[in-house]
Amino acid sequence: MALSAAVVAAVVAALVLRPLRAGGQRGPFVIAMLALGLAGGALYLLVGTPDAAERTAANDEPATLEDGVQALEQALAKDPQRADGWALLGRSQLALGKLDEATAAFDRAVRLAPDDPGVLVEAAQARAQAAPGKQFDDQALQWLRHANALAPESERAGWLIGIALRQRGQDAEAAAAWEALLPRLEPGAARALREQIAIARGNAGLPPLPETPAPAAAPAAAGNHALAVQVRFASETAPDPALANATVFVIARAPDGPPMPIAVQKHPASRLPLLVTLGDGDSPMPTSTLSQVQEVEVLARLSRSGQANRQPDDVETAPVRVRLPHAGPVPLVFDRP
């Protein structure tokens, strides 16, 4: 209920604070919305009923996300047995970059809700983020295994278990954990995971997985909104040999919207030039797919680290805005390696 109150407050805040966004001040808009949403959850924990939260909110709106966190901490001091409150505090501390505080909050949440798969996974991930080298320790791995046992369909728990095992050098076990996920994944996600499985199996001295042919209907997954994209280096640009192990992300996202892709594929840079087709199966979020939008911005990013999050030394092509459906491949060119 506290989380529901936070969501409601965030929606209301989005409406109240719309002038900030309209004026181009996206940063203040987002921070203010998060702060008000967090305050809504905190006030619900503090006063106990939605009506009272509404009566109190007008006088206690925080100016910053930090103020919202302080309000939530005060609410939890009065009602410390709320697992949802501690989980909300953990997420908020993560948003502020306070990793140790986030870990402590999630620890409290796990003690109060030891059989909540979502809390267990978030707590394990926060613990790894705060650890040197981003390592999943034994406690985090235990939480992930428990979450996986409680909710075997949890793709996130299975994925993180594989990461934790690979960090320990248990490549065969990591590959097995990831292979169990393959039947439940969309084609795009399955392709990316198979690349990681291939690396783990190779390190373990195991033969590669047999290739699985794509279903005949896969190319038409996005209907007329399937988008062909061609990625290459400029003809005058000599690829850097150091990029042999780099990764290319081919991304379609909402124009002038959030950075979360609507569709994305990952390929080794050594395969350039590339011709790929983005479809609904390449969406990280089933609630936002190519077949649901009329316009996208398409770009490619060359990542030396292979990380999905943009790094300072990454190189991107100029974005191209296209309306869907779009005939012919969208050309993307890296002007420099």
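Colleague: Is Gln196 buried or exposed?
Modeller: In this predicted model, local features need pLDDT of at least 70, side-chain atom pairs count only at pLDDT 80 or more, and totals for chains, interfaces and linings use all residues. Residues are numbered from 1 along each chain as its sequence is written, and side-chain values use heavy atoms, with hydrogens and water left out. Buried means under 20% relative accessible area, exposed over 50%, and partly exposed in between (1.4 Å probe, protein chains only). Gln196 has a relative accessible area of 18%, so the residue is buried.

Colleague: Which residues does Gln196 touch, not counting residues up to four places away in sequence?
Modeller: Gln196 belongs to helix α12, residues 187–203; helices (H or I, at least four residues) and strands (E, at least two) are DSSP runs, numbered from the N terminus. Contact means heavy atoms within 4.5 Å. With that sequence exclusion, the residues touched by Gln196 are Trp159, Arg166, Trp178 and Lys266.

Colleague: What is the bridge partner of Ala228 in β4?
Modeller: Strand β1 (residues 227–233) runs antiparallel to β4, and 5 bridges join them. For Ala228, the partner in β4 is Thr277.

Colleague: What is the relative accessible area of Thr317?
Modeller: Thr317 lies in the loop between β6 (315–316) and β7 (320–323). Leaving out residues up to four places away in sequence, Thr317 touches Leu299, Ala300, Leu332, Val333 and Phe334. Thr317 is buried, and its relative accessible area is 3%.

Key
Two strands pair if DSSP finds at least two bridges between them.
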